[in-house]
Amino acid sequence: MSEHKHEHHILSIKTAGIILGLLLLLTAITVGVSRINLGFLNVAVAMTLATTKALLVILFFMHMKYESRFMQAIVFMCFLILAIFIGFTFFDVAYR
């Protein structure tokens, strides 16, 4: 039986505060940008901001930053497949 060395990583208060501040800033930017008409860029800007916030949560609050490369690759592939499905949905809706 192989030994699994799994270390628990505890996020420091300073790092958690910085990430929380970034998430709040990005949320404020999201609200501010939603009041501006950017034309066809509205969806792109909203998706970019949402992806950035999700990435911060996954990396730091879900501790993916401290996982093995294999686990990071699996999670990345899952999100890539999800992004492809969402992209095809946008194409389908755009060309109806």
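A: Accessible areas here come from the Shrake-Rupley method with a 1.4 Å probe. On that basis, the accessible surface of the protein chain is about 8,100 Å². Carbon and sulfur atoms hold 73% of that surface. Bear in mind throughout that this is a predicted model.

Now the lysine. Lys-53 sits in helix α2, which covers residues 41–61. Lys-53 is buried. Buried means under 20% relative accessible area. Buried residues make up 11% of the 96 residues in the chain, and Lys-53 is one of the buried residues.

What is the nearest side chain of opposite charge to Lys-53? It is Glu-67, and Glu-67 is 24 Å away. Lys-53 has no salt bridge. A salt bridge would need a side-chain nitrogen of Lys or Arg within 4 Å of a carboxyl oxygen of Asp or Glu.

Which residues does Lys-53 contact, once its neighbours within four places in sequence are set aside? They are Leu-23, Leu-26, Thr-27 and Thr-30. Contact here means heavy atoms within 4.5 Å. Helix α1 spans residues 13–34. Gly-21 also belongs to helix α1. Gly-21 counts as partly exposed because its relative accessibility is 36%. The C-alpha atoms of Gly-21 and His-8 are separated by 24 Å, with the two residues 13 apart along the chain.

His-63 lies in the loop between α2 and α3. The phi of His-63 is positive, about 60°, although His-63 is not a glycine. With a relative accessible area of 26%, His-63 is partly exposed.

Helix α3 covers residues 69–94. Ala-83 has its place in helix α3. Ala-83 is partly exposed, at 44% relative accessibility. Between the C-alpha atoms of Ala-83 and Ser-68 there are 23 Å, and these residues are 15 apart along the chain.

Step back to the whole chain. The secondary structure comes to three helices and zero strands. From the N terminus, the order is α-α-α. The radius of gyration is 17 Å, well over the 12 Å that the globule rule gives for 96 residues, so the chain is more spread out than a compact globule. Along its principal axes, the C-alpha trace spans about 55 × 35 × 10 Å.

Take the contacts between residues at least 6 apart in sequence: 62% of them join residues at least 24 apart. The chain carries 7 positive and 4 negative charges. Their mean positions are 15 Å apart.

Back to the lysine, in brief. Lys-53 is buried and has no salt bridge. Its contacts beyond the sequence neighbours are Leu-23, Leu-26, Thr-27 and Thr-30.

Notes: Residues numbered from 1 in each chain as written. Predicted model: local features only at pLDDT ≥ 70, side-chain atom pairs only at ≥ 80, totals over all residues. Heavy atoms only, no water. Helix = DSSP H or I, 4+ residues; strand = E, 2+ residues; numbered from the N terminus. Buried < 20%, exposed > 50% of the residue type's maximum accessible area, 1.4 Å probe, protein only. Rg over C-alpha atoms; globule rule 2.2 N^0.38 Å. Lys, Arg positive; Asp, Glu negative; His and termini not counted. Charge placed at Lys NZ, Arg CZ, Asp CG, Glu CD.
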